[in-house]
Amino acid sequence: MVTTRNVYVHYGEKPIVKDFSHLFKEGKIHTIIGPNGSGKSTVFKALSRLLNHKSGVIEINETPINLYQPKSLSKILAVLSQTNHAPSDFTVRDLLRFGRTPHKRFFEALNKEDDTIIDWAIKITHLEALENRRVCCLSGGERQRAWIAMNLAQQPKVLLLDEPTTYLDIQHQFEVMELVKHLNQSLNMTVVMILHDLTQASLYSDEIIVINKGEIVCTGTPETVLTTELIQKVYNVNVEIGRHKSGKPLIVPIGRA
Ligand SMILES: Nc1ncnc2c1ncn2[C@@H]1O[C@H](COP(=O)(O)OP(=O)(O)OP(=O)(O)O)[C@@H](O)[C@H]1O
Ligand SMILES: [Mg+2]
């Protein structure tokens, strides 16, 4: 569904993402992990065309992304960035109305169908009680749910989530991850996330992609990727690996390598 082949992304002359080739499969949850500064968000910027890739091919449904009109791309792919800003007077509902933009012509008013989709996105993210509150005055967890809801109002086929659980307490982390799983299972939504929590990556991903210094070092199921050796090599940390009842690895750091 989303394919990258030999993709290089540069900032100025400096290559940040190198030779990135991967097939993100329809209806699967993929998680990119890797140290700070390894190029994870840069991959997202290239996938969403915020940044032009220098060379290689990025295709969605077998069409190179540079051939998509911005609006058609936004109908397929929604991105939750690492940092988000809404105008200070925007309510949650205003934010979701904004999420409908790709489906509207210039200055076209929202109609009943848009309202139904916005209501659905509010319900699925449990934002009913907050829809008229200003986004700027929500707690970190509530705000994160509002941005995810805006992404959903876009009705994308592919959801890119850059560190969706950062700053959240464990209850809200759990809720966001369960929401992602629910969207994936009930709507067959293809998900690509960036996570730092290796146990979360283990429990919620069909496939993990490990990048280090801009290059893919390993891909596969959580069971095959998340080994003590790999984590030691990439993060310089020794870990103990337990087992969840599902058989998936649970990662506990125990010291510097
Ligand atoms: N606008 C920019 N101009 C120049 N260099 C940049 C720019 N944005 C990011 N970089 C550099 O590119 C590299 C990769 O950054 P990126 O944001 O992709 O890392 P990341 O893996 O998402 O890290 P983190 O886990 O900290 O979010 C870093 O060395 C960063 O300093
Ligand atoms: Mg990042």
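Me: Which hand does the crossing of α3 and α5 have?

Reply: A crossing is left-handed if the near helix is turned anticlockwise from the far one by less than a right angle, and right-handed if clockwise. Here α3 passes α5 in a right-handed crossing. Helices (H or I, at least four residues) and strands (E, at least two) are DSSP runs, numbered from the N terminus. The model is predicted: local features need pLDDT of at least 70, side-chain atom pairs count only at pLDDT 80 or more, and totals for chains, interfaces and linings use all residues. Residues are numbered from 1 along each chain as its sequence is written, while chains are lettered from A and ligands numbered from 1 in the order in which they are written.

Me: At what angle do the axes of α3 and α5 cross?

Reply: Axes are lines fitted to C-alpha atoms, for helices over the stretch in contact, and angles run from 0 to 180 degrees between N-to-C directions. For α3 (residues 92-99) and α5 (residues 140-153) the angle is roughly 30°, and the axes come within 7 Å. Angles under 35 degrees count as roughly parallel, over 145 as roughly antiparallel, 65 to 115 as roughly perpendicular and the rest as oblique. α3 and α5 are therefore roughly parallel to each other.

Me: Which residues make that contact?

Reply: Two residues are in contact if their C-beta atoms, placed from the backbone, lie within 7 Å. α3 brings V92, L95, L96, F98 and G99, and α5 brings A146, A149, M150, N151 and A153. For classes, Ala, Val, Leu, Ile, Met, Phe, Trp, Tyr, Cys and Pro count as nonpolar, Asp, Glu, Lys and Arg as charged, and the others, Gly among them, as polar. The α3 contact with α5 has eight nonpolar, two polar and no charged residues.

Me: How do α4 and α5 cross?

Reply: The axes of α4 (residues 112-124) and α5 come within 9 Å and cross at roughly 145°. This crossing of α4 and α5 is right-handed. I117, I118, A121, I122 and I124 of α4 touch A149, L152 and A153 of α5. The contact of α4 with α5 has eight nonpolar residues, no polar and no charged.

Me: What is the angle between α3 and α4?

Reply: About 125°, with the axes of α3 and α4 10 Å apart. α3 and α4 are therefore oblique to each other. Their crossing is right-handed. R93, L96 and R97 in α3 meet I118, A121 and I122 in α4. The classes for α3 with α4 are four nonpolar, no polar and two charged.

Me: Which residues are around ligand 1?

Reply: A residue is near a molecule if its C-beta atom, placed from the backbone, lies within 6 Å of it. Those around ligand 1 include Y11, I16, N36, K40 and Q82. Helix α1 (residues 40-47) gives the most to this shell, with three residues. By class, the shell around ligand 1 has two nonpolar, eight polar and one charged residues.
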